[in-house]
Structure formats: structure tokens, C-alpha cells
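Welcome, and please have a look at the model below.

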There are 4 protein chains.
Amino acid sequence: MSSIYGKNLKISLFGQSHSPGIGVTVEGLPPGFAVDFEELNDFMSRRRPGGSPFATPRREADHPEFLSGLVGNVICGAPLTAVIRNTNTRSGDYEAFRDLPRPGHADFTAQLKFGGAQDTAGGGHFSGRLTAPLCLAGGIVKQVLRQKGIFVAAHIASVGEIEDDLWDPCREIERIENREFPVLNPAQGEKMQRLILDMREQGDSVGGTVECMISGVPGGVGDPIFDGIESRVAQIVFGIPAVKGLEFGSGFAGSRLRGSQNNDPYTVVDGNVRTETNRAGGILGGITTGMPVVFRAAFKPTPSIARPQKSVRLSVLREDILEIQGRHDPCVVVRAVPCVEAAAAIAIYDALLDVR
Amino acid sequence: MSSIYGKNLKISLFGQSHSPGIGVTVEGLPPGFAVDFEELNDFMSRRRPGGSPFATPRREADHPEFLSGLVGNVICGAPLTAVIRNTNTRSGDYEAFRDLPRPGHADFTAQLKFGGAQDTAGGGHFSGRLTAPLCLAGGIVKQVLRQKGIFVAAHIASVGEIEDDLWDPCREIERIENREFPVLNPAQGEKMQRLILDMREQGDSVGGTVECMISGVPGGVGDPIFDGIESRVAQIVFGIPAVKGLEFGSGFAGSRLRGSQNNDPYTVVDGNVRTETNRAGGILGGITTGMPVVFRAAFKPTPSIARPQKSVRLSVLREDILEIQGRHDPCVVVRAVPCVEAAAAIAIYDALLDVR
Amino acid sequence: MSSIYGKNLKISLFGQSHSPGIGVTVEGLPPGFAVDFEELNDFMSRRRPGGSPFATPRREADHPEFLSGLVGNVICGAPLTAVIRNTNTRSGDYEAFRDLPRPGHADFTAQLKFGGAQDTAGGGHFSGRLTAPLCLAGGIVKQVLRQKGIFVAAHIASVGEIEDDLWDPCREIERIENREFPVLNPAQGEKMQRLILDMREQGDSVGGTVECMISGVPGGVGDPIFDGIESRVAQIVFGIPAVKGLEFGSGFAGSRLRGSQNNDPYTVVDGNVRTETNRAGGILGGITTGMPVVFRAAFKPTPSIARPQKSVRLSVLREDILEIQGRHDPCVVVRAVPCVEAAAAIAIYDALLDVR
Amino acid sequence: MSSIYGKNLKISLFGQSHSPGIGVTVEGLPPGFAVDFEELNDFMSRRRPGGSPFATPRREADHPEFLSGLVGNVICGAPLTAVIRNTNTRSGDYEAFRDLPRPGHADFTAQLKFGGAQDTAGGGHFSGRLTAPLCLAGGIVKQVLRQKGIFVAAHIASVGEIEDDLWDPCREIERIENREFPVLNPAQGEKMQRLILDMREQGDSVGGTVECMISGVPGGVGDPIFDGIESRVAQIVFGIPAVKGLEFGSGFAGSRLRGSQNNDPYTVVDGNVRTETNRAGGILGGITTGMPVVFRAAFKPTPSIARPQKSVRLSVLREDILEIQGRHDPCVVVRAVPCVEAAAAIAIYDALLDVR
């Protein structure tokens, strides 16, 4: 099993939803880099639940304690480890799922894999809460990248069937980090919010997609075949709970096109080779072109819903009806936006460190 | 850089399109397993071009020579290395692309990465020809898996906007390996073939998608977070040239659904826990459920088209018109089907070897 | 950089000598295994300084807090992370070494590598204190191995020129874990202790060697070439600070012998194939023979000595005299014994998990 | 299992002693570097048997064929794969060892690991012949390093009890590559040669040690803990068949010294920080100091001897007497010298590529 990602920048996630703490160890950050803790906190608060009607009412303070890797706020070269304490947990909610697994969750597969030893409380190691240390690591990496002129941003591209505008993949990123509901088109954003509130009221949930753009990546980053940028980004993005699809550039839509429509013609802009369009999503042969890297990730609807569902009581191998209580996000994509940014930042920086 | 994949089953691809040979080293195959060479040849011939109007007229014999890893036809435990000689190459076709890169190809990004040292002939290391040794490795792994009751199959799911039927993700695989044009719905297959011939005549190309199913995988295979089945499959499938999208189970369509629609209810069939639907694509929390694993990969249209295209002459940084001669597939998905099967087999077997 | 070891059992060390905490993340422990905390504490106390005249007077409580990976005291399958708080630190002692590096320490090389950003306090990430979490991880693994009938033990083989007896490499391990001064021959042990006290009084230090035996390892564990048992053990044992040599079986002495003297004849004992001697140290071709695995590690004398030493003031590139104050072990091998056991246990268990 | 080494420079060895071919794939060589084939051949011929009374009379042409990775003689950035054909093999010699394993060889452990499927001919994958592709890879890397001012050289440090002089670890390497019998002290070399001839006549063999020096390595190369230079070098050097011991700098002898004797005082030479002695072997805290890196490897005596030896007939579990025919080196250290250089070069270059 592995909760470790990366070759040059290595991150190792640990923790269960209701264990004493969750956290991350990061190796490969640049010695001498000064972390801006306030900015990091702002970034992490974009993922933090509580206070918003679009997310679970469970409140998480998520203030990390840095155990190692820093002298003051400066990266010292030793592995950086940070811990976030788990508080405000209600483990009693979960023990029943060991025998009567929740559809769409990892309850049943964890039972198969760990033979009953798994920590069921709060979803254990499979909880979306593990994305907090992912954001912690990614938030620092984002700061490192920005110093190199590389910007990572994401927005909600769809909630259910309601779609946001897409970014022009040939232009610089529009900074939307400070928007409370991260969409490009506020009118569509309002519709999304209404749909999410509807879902909450109905005891249901809804899926969505997130679009991410990384601008400023120099050309020539990434490697052929299994270490191409697509492969590297995919390995980490599919590690975010609920991601079931991923496409780069024109992606699935591009598979319906002609070569004459999908190829990006080369041109010269300000003395640099650029492409007139960017259906490649900034990647050819696994290597960056110098155009923005663009991808979209598909999130399934939150499996935790308040409605009665068919499950199986494992101890007696008999069907039974499950009703989930508890606090759940009616739509994970809202909080997933910074997680996708974090994952993308980590993947790109790891690839950058392979450039010599 | 890395052309190596895997943790327990490791494959290492080598070769350029026009170098003396291409090949693969495979570590981790089970000692004592007898390889069926005839079956392997049949599998590899599904990928082989030549003879079909739907593929490049370049003929490749693709008869591998096994340098090591076998005693007779039996896996001996040492790394297995096989080489396929490159013959029938016309390197002269390609030298021009070093200065005037082909849109949609890796010519330009290889130049950025390797600074002019790259082998441009036939696309070098980026050539789709590297999928021949991938199929060689995957073809052996498929045989190993079948002995364990695990079957891997794929079909063309779409060419352009023409769609094949999809597999019922809850049922056993329909064996379609012997079909010349690998679709489930022959009528749709005929339309696809007409479209591909059209593209050939128009000097254009078209993309498509491939659906892959792996049945018989026991539950409990795969690992949390970054080594989930999605992450493992994604890393290798995005290593196949031209893949720009990947989705598991309900994938992107699932992101438009409600939780009450997308969750798979548990049920009991013949004393086994199963799901009534399989929108999860056989994977929850990165771990297999025991249902078939199902995914779809999106292939972009072949970038090599016979029409004039805009490019940039790099030595003088000036735009120029490029016209590509040569032999190219008007649609790569036909030959991509066994490549996807090979990649899936390798990923699943590698994950299986982590189960203890 | 990497503080990560292992393929199936992965350990990731973090922390600096004077950072808020040091610790370890361990992946791959067997779900359902119950950790005996009291026994773990006993094991870790063998490494702990304080209270003994043979070690540094710095006292470390070294009580780990388990943040994740357990439900109660049972391994749940998620990564196990434990933290040991750093208390009783006196950072002021160390700042001077940034400009005037201590001979034999990593002060100068850390400066070269991290460009001044390194944490100098207490030796930072290079401190022997990092062996506390190594022992924590290894202590748990030792418990896991013992349940499989595999025992790991080590003793001081020499201090300076005073030598302990060596183990008969063909017999079961004599359990010496409870001895305060871990030697086989108490008379030699007393001489060693006198030498160490002498060194302390003289403000000097002395090196030594540790012999380790792992009995009960089944034959057939380990892999050819770069993943042989020697390579696996070497990578982790050379990660223990101050180790500068390592030999398996007859080792350097064996290089002076004839083949007819060094080969181990096969014989049959109780229906099992054994060797009459064990000059191979239980390993042939990188793979275990079923005989005990035996190796010896050489530790250099503690570089921290109280005598004036020649160094260079880096800021002005001029030679200067350095006098070290502080609390140091006059001989690290006493406390290194459990560290070697921990490292050996981790390497062997990781290799065992590759056996299918 | 793994025959793969390295993180940035990856080498993957394949082949059995009597399979159609043996070879190596190398990833991470610098694109644009021109390989000097003549020099490479000279380097490989230092390892080649035949023609010398000190080595096996088996002749190996060892002319590699380069399948990929080059355009002409220039590294193109794709993985470089080279194959050496196995000719002049006499497999009949070896089949008997499957049931009656040779003491000191991997026959028995391979049987345990591969369950009888292993290739026994010529020692299969465990054969010293696999060091030919290791030298091929290392010979290229040595050329790359030399262009950076880094020199790797080794000499026989002892054969049996006869010792060569050792290098002054503070001085530049004396180039001895062209000596037929690679020692520093020719008089001692003559004694060694007489001893080896004696061993041949007596049907016996003898072990020895090799000393290796790498000069010109800049300070700051290597990483803390498990990726220190010692750990990196150890993993690959213990992968050379017959290596059973390894020590850096003062090594085992240093373990008998005082700190005041073993510490290397800093000094300034020509404006650079140097150490007056080099008992650290150029490495502190796993990181290079800028002084030459020095280590010694211990080789056991060749296990193949012409005398009757006790073994066990595995099929009937009964002791029996084995007499080995065939062609064997009475002392492997002569031919091991370039193998050690190759391994050292690969380890150092891989570590260098981690410096950013």
C-alpha cells in the first residue's frame, strides 16, 4: 500500500478521520524558502468545512503544527512534517458501517483489504479529511511555484448539469482565489448553489467537475511514456477521493474531432513559439509545450446521502436497508477546488525538479 | 525520465521507431509459467499494421526475439527481455521535422527537452511503435491473469461521433478478440469503418475512445490514495501515445448524477456480495469491489494528416507551411484496443502482487 | 533527498534534533497485529541515553505519541505515524558550528548541501537522535517477525581493540536483550566499559563494531543483483549515523581465505538442508539459505570530543581552533545495538513481503 | 525481484549466462553526449576473460550491439539498450547442479526462490557474466563523469593475505588503467599472480579486496540517512557477485581508533576547504566533503573449485560428493576491478543528478 507520491518532491500522507492526528511529510522543498503561513492558512481555509451552507457542518480548525523541516518559517532541507489534530469527531456514528457498508463508500473494500482491522470511524484513511494535509503540502508548493512565475488555479466547471464557463486555454489565468464560490460565471454559480441547497434539503447529493490551469510552466517539462505530465498528474489527482475521470486539453471532446480540427498550429508570439489553440492542454508526448497546462477532473456525487439505501449485512450475508445519519457535503466539488490545485502543484513541481 | 512502470511487475520499454530494435524488459513474471507463443503472436497481430485499410500501410513483422528470462517457453524468474527489430523504415521522411515541427506531435517538445539530440526518425522514442513491446509484455501478462480466472478485453467505444454499444458493467465479458474490427455492434462498426476510410481519402484523421473491462478481479485489490487502481491504471494508460482522457465506471457522466442515482446498492448473488449496478467501475476507495473493473480512454485524432498545416521554422523563428508525407493511421483507436488491454493487464497484475 | 526506505514496508523518518518533534511513518505493517507497547518501550529504552555513564547525560523521555495507523493497539492498515517530542534541548550550543564546522560531523557537508538553511541545532536532521524513530519502527517490526519465528539480535562485537566473542553463526541466537551492557563475554564487557570511561575522562571517544544475527529467516528470501539481502541491509544500515563498514558472514576475513576454506558444505539436519558452516552469513546470490543471517557493522568513534581541534572559519576561510562543549557519547556502539537490530528487522521484513 | 538500480540514472540488467543475450538498459544519460566506443571497448576488455592465465579460459567476445538510445554515437535521450550475445557456452556442464547444488553458489537459493524454474546453465541470472553489461553501462558513465572532471579508478588491494599499497586518500588518483595487472606496487602484484597460479594448479581459489577512489566529486553530493553516498554505493556494489564486505575511508580499522585519531581536521588549500586527512573517505553525514571518495570491497574466493566437496542431493535429501568441471577464475578480484569502477561511477552520477 502506498500513501506516498513523487520522485523528487515526495509527499507522504498519514492519518485517519478520527485518529489523534492527520498530517503529511514533504521531502524536496527548496532549502532557504520562506513559507508565508498566513497565505497558507488562507489557502487551506478554502478547503475547510463549516460556516458554509454548501459543505458539511462539521467544523475543523485545521491549524497545522509543524514538527520538523523548518527553522522559523524557513525550509531547512530536512523533511517537513505537519500535523493537524482531529477534534470534534463522533466515532459512534460509524461502527455500524463495518457490518452494513455504505454504498459508494470504501467501507466494503476496506473490509476486504484489511480484514476487519480497518479504522471505520469517519471513513478512516479513506476520508476526504486526508485532503487537508494534501492541501497543506500543496499550498506550500504553490508558493514555491509562484516564485518561479508558475500559477496554479482551479474553478468549479460544473455541478450536476449546470456548467460554468471554461478558461481560454491560451490565456493567462484569471485569479479567482478570493471568490467565495469559485466559478468564472457568477450567474451559473448561483444556479449551482441553488442546486446544492436543493440536494441538501432532499437528503441527496450531486457530482461535478473541476477545471485546473497551470500557467507559466516552461516548455520541456515531463518525460516520455510513463512519466509524462498526464501520467504524473493522473496518479495524484485520482488519489483525491471521489475522482472518477480526468481529461487534458480537449480530452473526451477531442476524441470526436478530426485531426485537422484538433491539432494546434504553431505560431510566434513575442519571439516565442506558441500554439494558436491549445487542444493539447499544454502537453505533447508527455512534455509541456510552454502553453498553459489544462485539465478537468470528474467527481462523483457524495455517496453519503440521507435516503434509505440497499446494502448487505455482511455477518449474515443478507440484504438490509441502511440509513445514514451524520454531517456530509451535498457536493464535494466546492471544497475539492483547492485539493485539485494542491495535487497539480505537487505533480508539476516534482516534474520540474527532473529538469536539469 | 522514465520508461519504467510498476512496483512488483516492472516493465521497461526501450527503442526508437527507427533504431535497430525496440523492446521491453519485464520483471516479476511467475517462475514456471509456460508462455503460449502462438497466442502471444495472435494478440500482437491485433496491433500490427499492414494489410488493413484502417491502418498505416507500413508493414511490421514484429516477431520478437527473446533474449532472456525463459528456459524454452517457461518463465525462469530472471528478467525477460524481448526485442523486435525495426525494418522497413524510411528515416529520410523525418529529418525536416526537427526544424519545422508537426502540430500535435512531440517534435517540438522533444526539441525542448533533448536540445536537438533527440532521434527524430519516425517519431523516435515517442512513436506509437513503442506500443508493440507494451503489447508483448501485456500479452504475456494476460495469459498469466487468465490462468487466475481474470479476463481483460477492450473494444472500440467510439470513432468520432459514432458510438458502439457499451458493455453491461455487471456481466461477464463478451469475448470479441477474434473480431477483425473490435466492436460490439457490427452495424456501428461498419459506420466507423466508412468514416475512417473517408478520413483517409480526405487526408484527415479522427479520434475515438476505447472501453476496457477486466472481469474476475477479486475484491480487495489496490491501495488507498496514490496507489489506488485508478491511479495505477491511469499512470500506464496515459503512457499510451494519444490518450488524453480516462474515466472509470460512470466517470464524467456520473458527475452529472445525484448520489441516489450513482451509488451502487449492495446485494447477494450466489452467496457473494455484489452490487446491483456498477457505476463505480468496480473500484471504491481505490480498491476493487469484486465487480468488473471498467474504464474508457479517449484518444485524440492522429496528428499526422496529409493537409497543409501551420508550423514554425524554429531556426529562423518564422511561420511556415508544413505538408506531411508518409504512412499514417487515419484513426489510432483500431490498433489501440490491444494496447489498452495490455496496459490494463499490467496494472492489475502489479496490484494483485501487492495482495498478501 | 530521501529519508524513505523500503518497497513493501516503507518507513519515512522526519525531524531534527531540536525541532518540535521527530518521528516516523510506517506503511505495510500487517493489519490486525496487536502492538505490545510495553515491550516496545523496553526495546526503545535500550537506545535511550541518560542514567548510564557510558552515554550522553542528555535525558530523553522518548515517549512516542501515536497519531495514526492504530485502533487501540491494533494495526489498522493505514500508515502508522508516531511522534517523539524534543525536550531538554540547548540549541545555543550549536550555532557556532555553522561557521566553524566540527571535524567528523556533517556541519560542513550540510552547509554545502543546504547553503546555510540547514538546522544546525543538535546536528539537525543528521543527529543520532533520528535513530529513536528508527527504533520505534524497528521495534514494532521485530514483534511482527517474532510471531513468524524470526528473531533479530545484536551485541557489541568490539570497542576499540577490545573484542567480544562472536556468535556461532550456525546456532540459534542467545537472547541477550536484557543485559545492561550487551556483550556475550562479560569479562570483555568490563574491559570495554573501563575503556569507555577512560575516554570520557580524557575528553576523547572510541569506535567499535556491532554484530547482528537474524535467525529463523526461511530460505529463498531476497532477490538477485541489486535487491539482494546484502544490498537491502546495506542501504538501511549505512543510514545509521557513524556506520562506515559492513560485512556479511566471513566478510573481509573471508577475502583472505581459499575457496576450499570459505565454501559452506551442504548437509541434512532433521530433514532440512543446512550448511555445516555459515561463512556465507546465510546469503548466497543475494537470497537467504535458511541459515542465520549474520553481519557486522563498523562504527567510527564519536566525532564530538572535548579536545581542541583544527577547523576552518568558513566566513573568512581561515583556520581556527574549535573546542566543543556539550553532552556526548564517548562511544556510540552501546546505544547503536538496538538501532542495528531495528534496521535489520525492517530490511528483512521488507524482503519477506516480496516472497509470494 | 529487481535488477534495476538508480533514481535519476536508472540501469536495468537482463540476461542469463547462457541465454541468447545479456544486456542493459540505461535511462538518464545526458542527451548530446558522444560515446567513445573505442574507449568503451578498452574499458570492457579489462573485465573480459580469456587470454590471461589469471582468469577463466572461457572466451567472450563481448561486443555489444546498441539497440536504442543513440543516434550514431550520440546519446539521444531515449533509454539506451545494448545487448551482448552469449556464445561459446556449454550448458551441459550445469544441469547436474539443480539437484546437487554447488557450495558457495546460488544454485540452492535459486532453487528455493524459483522452485526449479530457474535457468541453471552457467549460473543463470546469478552469473558473474552479468557484470559485462554493468561494465558497459558504467563505462559510458565514466566517460560522462570525466567530462565533469570526475575520475573513477580502482586497483586490487589484496589477494589472499598479500596486500597492495593503498592510495593516499588525500591525493589525486594515480592512473593505472593501462596496467595489465592493476596494482600500485608491482612487486606485490607479482606475488599475487604467483598465488593465483598456485590456486589454479591446486584446483582451489582465493579471495581478495578492491580499493576504489573517485576524485573530483564536488562537495555537497548525496543525501541524509538512507540515500547517503554510503547507502547508494553499497546497494550497487553488493550487487556485484561475491562481494561480502564494504568499508568507506578508515572503515573497520577506524572503529578501533579514538575520535582524536579518526577525525579529519579542516584546513584551507588554495582557497578551498579541505581536510588534512581523509579517514571519512570523502563522506560526512552521507554527503561528499569535496575530498576523494574512497572505499574497499571484499570479495569471497570463487566458490567454483576443482576439489571434491560435500553437498546434498536434493531429490533424495542425502549427502553426496560433488566434483565441478569447467572453466573458472581462480580469483575474481582481477576482473572485478573494472566492475567496481563501473558500479561506483553509476552510483556517483545518480547522486550528482540529484544536486540542483
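## A salt bridge seen from both ends

At 33% relative accessibility, C:Arg85 counts as partly exposed; here buried means under 20% relative accessible area, exposed over 50%, and partly exposed in between, with a 1.4 Å probe and protein chains only. C:Arg85 forms a salt bridge with A:Glu65, with 2.6 Å between the closest N and O atoms. A salt bridge is a side-chain nitrogen of Lys or Arg within 4 Å of a carboxyl oxygen of Asp or Glu. The pair joins two chains, because C:Arg85 lies in strand β7 (residues 80-85) of chain C and A:Glu65 in strand β4 (residues 65-68) of chain A. Helices (H or I, at least four residues) and strands (E, at least two) are DSSP runs, numbered from the N terminus. A:Glu65 is partly exposed too, at a relative accessible area of 29%.

This is a predicted model, in which local features need pLDDT of at least 70 and side-chain atom pairs count only at pLDDT 80 or more, while totals for chains, interfaces and linings use all residues. Residues are numbered from 1 along each chain as its sequence is written, chains are lettered from A and ligands numbered from 1 in the order in which they are written, and side-chain values use heavy atoms, leaving out hydrogens and water.

Over all chains, a search of the whole structure finds 80 salt bridges. One of them links B:Arg85 and D:Glu65, whose closest N and O atoms are 2.6 Å apart. B:Arg85 sits in strand β7 (residues 80-85) of chain B and D:Glu65 in strand β4 (residues 65-68) of chain D, so this pair joins two chains. B:Arg85 is partly exposed at 34% relative accessibility, and D:Glu65 is partly exposed at 29%. Elsewhere, salt bridges that share partners join A:Lys7, A:Asp223, A:Arg232, A:Asp350, A:Asp354 and B:Lys113 into one network.

The side chains of A:Glu276 and B:Lys310 also meet in a salt bridge, at 2.2 Å from N to O. A:Glu276 lies in the loop between β13 (272-275) and β14 (283-284) of chain A and B:Lys310 in strand β17 (residues 309-313) of chain B, so the pair joins two chains. A:Glu276 is partly exposed, with a relative accessible area of 37%, and B:Lys310 is partly exposed with 29%.

## Where chain A meets chain B

How many residues of chain A are in contact with chain B? There are 96, and they are in contact with 96 residues of chain B, contact meaning heavy atoms within 4.5 Å. The two chains bury about 7,700 Å² between them, 63% of it on carbon and sulfur atoms; buried area is the accessible area (1.4 Å probe) that two parts lose on being put together, summed over both. A:Phe226, A:Lys244 and A:Tyr266 supply 12% of the area that chain A buries against chain B, more than any other three residues.

Six salt bridges are counted between chain A and chain B. In one of them, B:Lys244 pairs with A:Glu230 at 3.0 Å, N to O. Strand β11 (residues 243-248) of chain A gives the largest share of the side of chain A that touches chain B, six residues.

## Where chain A meets chain D

Five residues of chain A are in contact with five residues of chain D. Chain A and chain D bury about 510 Å² between them, 44% of it on carbon and sulfur atoms. A:Lys7, A:Leu353 and A:Arg356 supply 74% of the area that chain A buries against chain D, more than any other three residues. The count of salt bridges between chain A and chain D is zero.

A rotation of 180 degrees with 0.0 Å of shift along its axis superposes chain A on chain D (RMSD 0.0 Å), by least squares on the C-alpha atoms of residues with pLDDT of at least 70 in both. The two copies are thus related as by a two-fold rotation axis.

## Two buried residues of chain C

C:Thr109 belongs to helix α2 (residues 107-114) of chain C and is buried, with a relative accessible area of 0%. Among the residues that C:Thr109 touches are D:Leu284 and D:Ile287, not counting residues up to four places away in sequence.

C:Val206 is placed in the loop between α4 (186-202) and β10 (208-215) of chain C, and counts as buried at 0% relative accessibility. C:Val206 and C:Pro301 are 95 residues apart in sequence and 4.3 Å apart in space, C-alpha to C-alpha.
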